[in-house]
Amino acid sequence: MTDPARARFIPTWTLFYKETLRFSKVWLQTIAAPLITTILYLVVFGHALGGHISVYPGVSYTAFIVPGLMMMSILQNAFANSSSSLIQAKVTGNIIFLLFSPLSPTEIYIAMVAASVLRGTLVGIAILALALLYLQIPLLHPLWIMVFTILGASGMGSLGLIAGLWAEKFDQIAGFQNFIIMPLTFLAGVFYSVQSLPGVWQHISLFNPFFYIIDGFRYGFFADSDVSVWTCLGVSIAFAGVAGLFAWHLLDRGYKLRQ
């Protein structure tokens, strides 16, 4: 990389480093807390239902829910990273330093979404590492696992930017997360296969983009899924693309930033 090219990348890298440093400084809250929550889910659901439910042949129910819990945590933490960073900067007034910087909307978008992807990925890796200590979980298609991790986390990082730009106080971010993100992730097949649902609920689940992200991600582990992995890929790309374009458009307009 030539010096001029490297110089053009420095502002984006600097913001990315700042965002990474922000969540790594409070790793007990951003990394350890989701890990503990996932352990509780595994203990409660695995113990209560593990001996009564079988979804894929040769796969225990506890192993089945691990990828779903991983992706649920990845999505929620990617969203939380960008949304909390932006609303905190707006509420405290620090957003002015970002607006006065030489960063373009594209550079801001790339840096903040990349940091969200990193945080979500680290949480997912931590959950998987812990689960592998106690469970036999195959990793049949690692490339699919990585693809859906990046698509899901980047889409949610973009959605977090949208929420952070729209919100004017922390309560609105919490409401967005509690009434939209949380229900959609829980109802996306984390703890069950949608094939086990009654017909009408199966059709309703197909309108949930998080279902395709989780189902495609689970395919990477077990080479089995409720719908075609290519359908999951297409919907995941569309979700990440639409959310990303909309987030970039709002940043470019300075929506609720330049008031």
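Where does A223 lie? A223 sits in the loop between α9 (209-222) and α10 (229-253). Helices here are DSSP runs of H or I with at least four residues, numbered from the N terminus.

Before going on, the conditions. This is a predicted model, in which local features need pLDDT of at least 70 and side-chain atom pairs count only at pLDDT 80 or more, while totals for chains, interfaces and linings use all residues. Residues are numbered from 1 along each chain as its sequence is written, and side-chain values use heavy atoms, with hydrogens and water left out.

Most residues other than glycine have a negative phi. A223 has a positive one, near 55 degrees. A223 is at 34% relative accessibility and therefore counts as partly exposed; that class lies between buried, under 20% relative accessible area, and exposed, over 50%, with a 1.4 Å probe and protein chains only. K256, in the segment after α10, also has a positive phi, about 55 degrees. K256 is partly exposed because its relative accessibility is 22%.

Next, the core. A nonpolar core is a set of buried Ala, Val, Leu, Ile, Met, Phe, Trp, Tyr and Cys residues joined through side-chain atoms within 4.5 Å. The largest one has 75 residues, and M156, L161, F210, F217 and F221 touch the most other members. Helix α3 (residues 61-92) supplies the largest share, 16 residues. As for L161, leaving aside residues up to four places away in sequence, its contacts (heavy atoms within 4.5 Å) include S82, L86, Y109 and M112.

Now the packing of α3. Axes are lines fitted to C-alpha atoms, for helices over the stretch in contact, and angles run from 0 to 180 degrees between N-to-C directions. With helix α7 (residues 170-186), the angle is about 170 degrees and the axes are 11 Å apart. The two are therefore roughly antiparallel, the term for angles over 145 degrees. By class, this contact has 12 nonpolar, five polar and no charged residues. Ala, Val, Leu, Ile, Met, Phe, Trp, Tyr, Cys and Pro count as nonpolar, Asp, Glu, Lys and Arg as charged, and the others, Gly among them, as polar.

With α9, the axes of α3 come within 9 Å and cross at roughly 130 degrees. On the α9 side, the contact includes F210, F217 and R218. Its classes are 14 nonpolar, one polar and one charged.

Terms used:
Angles under 35 degrees count as roughly parallel, over 145 as roughly antiparallel, 65 to 115 as roughly perpendicular and the rest as oblique.
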